[in-house]
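Please keep the sequence and the coordinates at hand while reading.

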Amino acid sequence: MKLTGECFCGGIRYEINGTLRDARSCHCSRCRKAFSAQASAYALVDPDQFHWLQGKELLSTYLSQADYGFQFCSRCGSTLCGLHLGKVHGITLGCLNEDPNIEIGRHIFVGSKASWEVIPPGVNQHDGHAPEAL
Ligand SMILES: [Zn+2]
Ligand SMILES: [Zn+2]
C-alpha cells in the first residue's frame, strides 16, 4: 500500500510504502499539547518504509525526551511524525491524504482526558496504558 501525507501548508510531503499499525489515540495532557487537540491520533510505521518527498528543510524537530520527539512544519505548525532514536516512529493520522485502511483501535490515558472532551460510547478505552494491539 502506498500512502502520502502532507502538512497544512503543503510545504512538506512524505510517502509510506507499507501499512500502518497500532493506530491509537492518547488523551493525556502531554499529547493534548503536542497535537494541539483533545488527543493524539497516531499510528506506527516501519521507518524503512517512510520517505520524505519534499520540504525536508522546513522540518523542525522537538525532542520531548532524550530519545523521543516530534517533527513539525516550521511554516504552518502541523505535527507530521514522531521520532524514536532519530528515526520516524509513527505518523499523525490527520496529515494523511489517503484512507489508511486502519481505525483507531484503542483510546489510552482516558483517565486524564480534558474535562471538556466527551468520549463517545462504545470506544475501546483505557485509563492508562493498554497492551499493544495485535
Ligand atoms: Zn507546512
Ligand atoms: Zn499521551
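## Strands E3 and E4

In strand E4, the bridge partner of Arg24 is Tyr42; strands here are DSSP runs of E with at least two residues, numbered from the N terminus. Strand E3, residues 21-26, is joined to E4 by 2 bridges, and the two run antiparallel, where pairing requires that DSSP finds at least two bridges between the strands.

The model is a predicted one, in which local features need pLDDT of at least 70 and side-chain atom pairs count only at pLDDT 80 or more, while totals for chains, interfaces and linings use all residues. Residues are numbered from 1 along each chain as its sequence is written, and chains are lettered from A and ligands numbered from 1 in the order in which they are written.

## The sheet of 7 strands

E3 and E4 belong to an open sheet of 7 strands with mixed pairing, whose order is E6-E7-E8-E9-E4-E3-E10. Its edges are formed by E6 and by strand E10 (106-108), each of which has a single partner strand, so one side of each is left without a neighbour in the sheet. From one strand to the next the twist averages 30 degrees, the axes being lines fitted to C-alpha atoms and the angles running from 0 to 180 degrees between N-to-C directions.

At the E6 end, strand E6 (residues 59-63) pairs with strand E7 (residues 68-73) in the antiparallel sense over 5 bridges, with Leu63 opposite Gly69 in E7, and a hairpin of 4 residues joins E6 to E7. E7 is also paired in the antiparallel sense with strand E8 (residues 79-84), over 5 bridges, and there Tyr68 has His84 in E8 as its bridge partner. The hairpin of E7 and E8 has 5 residues between the strands, and within this hairpin Gly77 takes a positive phi near 90 degrees.

## The sheet of 3 strands

Another open sheet has 3 strands in the order E1-E2-E5, with antiparallel pairing. Strand E1 (2-6) and strand E5 (50-54) stand at its edges with a single partner strand each, so one side of each lacks a neighbour in the sheet. The twist in this sheet averages 25 degrees from one strand to the next. Strand E2 (residues 13-17) pairs with E5 in the antiparallel sense over 4 bridges, and Glu15 has His51 in E5 as its bridge partner.

## Nonpolar cores

The largest nonpolar core has 17 residues, and Val45, Leu80 and Ile91 are those with the most contacts inside it; such a core is a set of buried Ala, Val, Leu, Ile, Met, Phe, Trp, Tyr and Cys residues joined through C-beta atoms within 7 Å. At least two residues of this core come from each of E2, strand E4 (42-44), E7, E8 and strand E9 (87-92). When neighbours within four places in sequence are left aside, Ile91 is in contact (C-beta atoms, placed from the backbone, within 7 Å) with Gly5, Ala43, Val45, Leu80 and Cys81.

A second, separate core has 7 residues, including Ala34, Ala39, Ile108 and Phe109.

Most residues other than glycine have a negative phi.

Asp22, found in strand E3, is not a glycine either and has a positive phi of about 50 degrees. With 16 C-beta neighbours inside 10 Å, Asp22 counts as partly exposed.

Note on methods. Buried ≥ 20, exposed ≤ 12 C-beta atoms within 10 Å, placed from the backbone. Contact = placed C-beta atoms within 7 Å.
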